[in-house]
Amino acid sequence: MADDGLSFLDDIESLEIIERRKRSVHPDRANDLDCMDNVAFRSRYHLNKDTAKSLIQMLDDTLSAPTEKNYALSSTEKVLTALRYYATGSYQLVLGDLAKVSQSSASIAINDVTKALASLRPVADWV
């Protein structure tokens, strides 16, 4: 009977050879506000560019990342991802591909923007 300890060590050595998948980062993500004209932007986001810019300014303090570590999404990227989701109802994976982010980053951006928008709504005092 073979020594189980040796086969375990062989497995560990084999695992060390396997290279980990490198993380895909895109520091040069396109900003649709800069790249698209008003007609193209409105057809994709169902808002004009000025409205989107105002919304981004309103939410900037709430959504800005404390650091740019790991190419964190900017408030502009978060808002544009969420706005496109609201306008199209597309899958988060597709939105992530368009914005060059992962599905989970798109999901977090949509969630963050939704919460930030909801916090802007005044609290109703039901008497």
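This tour moves from the whole chain to two residues and their surroundings in a predicted model.

**The whole chain**

Of the 127 residues in the chain, 24% are buried. Among contacts with a separation of 6 or more, 58% are between residues 24 or more positions apart.

**Asp 32**

Next, select Asp 32, which belongs to helix 2, residues 32-35. Asp 32 counts as buried because its relative accessibility is 14%, and the cut-off for that class is under 20%. Display the side chain of Arg 84 as well: a polar contact of 3.5 Å links it to the side chain of Asp 32. Beyond residues up to four places away in sequence, Asp 32 touches Phe 41, Tyr 45, Leu 80 and Arg 84.

**Tyr 86**

Tyr 86 lies in helix 5, which covers residues 75-88. With a relative accessible area of 38%, Tyr 86 is partly exposed.

Finally, select Ile 110, Val 113, Thr 114 and Leu 117, which are in contact with Tyr 86 when neighbours within four places in sequence are left aside. At Thr 114, look for the polar contact of 2.6 Å between its side chain and that of Tyr 86.

Note on methods: Residues are numbered from 1 along each chain as its sequence is written. This is a predicted model: local features need pLDDT of at least 70, side-chain atom pairs count only at pLDDT 80 or more; totals for chains, interfaces and linings use all residues. Side-chain values use heavy atoms; hydrogens and water are left out. Buried means under 20% relative accessible area, exposed over 50%, partly exposed in between (1.4 Å probe, protein chains only). Contact means heavy atoms within 4.5 Å. Helices (H or I, at least four residues) and strands (E, at least two) are DSSP runs, numbered from the N terminus. A polar contact is a pair of N or O atoms within 3.5 Å; within protein, one must be able to donate a hydrogen and the other to accept it, and residues adjacent in sequence count only if both atoms are side-chain atoms.
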